[in-house]
Amino acid sequence: GMVQRIVSENTCIFGIDKSLKMIEKNVGKNLFIKIVGEACHLPIKNNTFSLVSAIGLTEYISDKDLFLQEIKRVLLPEGYFLVTIAPPSPLNKIRNLLGNRIYAVKAEKWETLTGKKGFICIEQTQSLLQVQYLLRLKKLGVKSYGS
């Protein structure tokens, strides 16, 4: 939803969620194509997007490797990936106790996984519950962390 504020009005945004209700909550002024689907099995052609945003999503995905493979598949070469992860923390443990199954991942492990998939980190910030990354698929022949 927040990505709509940083892209031009002419940008076509695809909202993908396994819940149509969640997609409809984020309809904005941009052309918005709603797709019901799974993050680890995206119903999208290869090399489609210049930017993929996954804010508040990865903590609900157990197979981070499969998820990253899907993101890489649908991104254009040198495409961007805006993503958050939930690292292990007391607050994220409480989220599990409250009934939200969270698959926390340490930042170091995430950085190794993304590096092995061919991403480089452009920027990283951290909040109380999440670590935010702006990643880009690296050019061929350029080394990144974890590779």
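A nonpolar core is defined here as a set of buried Ala, Val, Leu, Ile, Met, Phe, Trp, Tyr and Cys residues joined through side-chain atoms within 4.5 Å, where buried means under 20% relative accessible area, exposed over 50%, and partly exposed in between (1.4 Å probe, protein chains only). The model is predicted, so local features need pLDDT of at least 70 and side-chain atom pairs count only at pLDDT 80 or more, while totals for chains, interfaces and linings use all residues. Residues are numbered from 1 along each chain as its sequence is written, and side-chain values use heavy atoms, with hydrogens and water left out.

The chain contains four helices and six strands, taken as DSSP runs numbered from the N terminus (helices, H or I, at least four residues; strands, E, at least two). The order of these elements from the N terminus is β-α-β-β-α-β-α-α-β-β. Of the 147 residues in the chain, 37% are buried. Among contacts (heavy atoms within 4.5 Å) with a separation of 6 or more, 57% are between residues 24 or more positions apart.

The largest nonpolar core comprises 26 residues, and Phe67, Ile71, Leu75, Phe81, Trp110, Phe119 and Tyr133 have the most contacts inside it. Two or more residues of this core are given by each of strand S3 (49-54), H2, S4, H4 and S6. With residues up to four places away in sequence not counted, Phe81 touches Leu51, Val52, Ala54, Phe67, Leu68, Ile71, Leu75, Trp110, Phe119, Tyr133, Leu134 and Leu135.

Helix H4 spans residues 107-116, and its buried residues are Ala107, Trp110, Glu111, Leu113, Thr114 and Gly115. These buried residues pack against helix H2 (64-74) and strands S4 (75-85), S5 (119-126) and S6 (131-137). Glycine 118, which follows H4, has a positive phi, near 100°.

The accessible surface of the chain (Shrake-Rupley method, 1.4 Å probe; for residues, only the protein chains shown count as cover) is about 9000 Å², and carbon and sulfur atoms account for 56% of it. Leu91, Ile94, Leu97, Leu98, Leu128 and Leu129 make a nonpolar surface patch of about 640 Å². Leucine 97 lies in helix H3 (residues 90-97) and is classed as exposed because its relative accessible area is 74%.

Zero disulfides are present in the structure, a disulfide being a pair of cysteine sulfur atoms within 2.5 Å. Cysteine 40 is buried, because its relative accessible area is 14%, whereas cysteine 121 is partly exposed at 27% relative accessibility.

How values were computed:
Patches are made of residues with over 30% relative accessible area and no salt bridge: like charges are joined within 9 Å, nonpolar side chains (Val, Leu, Ile, Met, Phe, Trp, Tyr) within 5 Å. A salt bridge is a side-chain nitrogen of Lys or Arg within 4 Å of a carboxyl oxygen of Asp or Glu.
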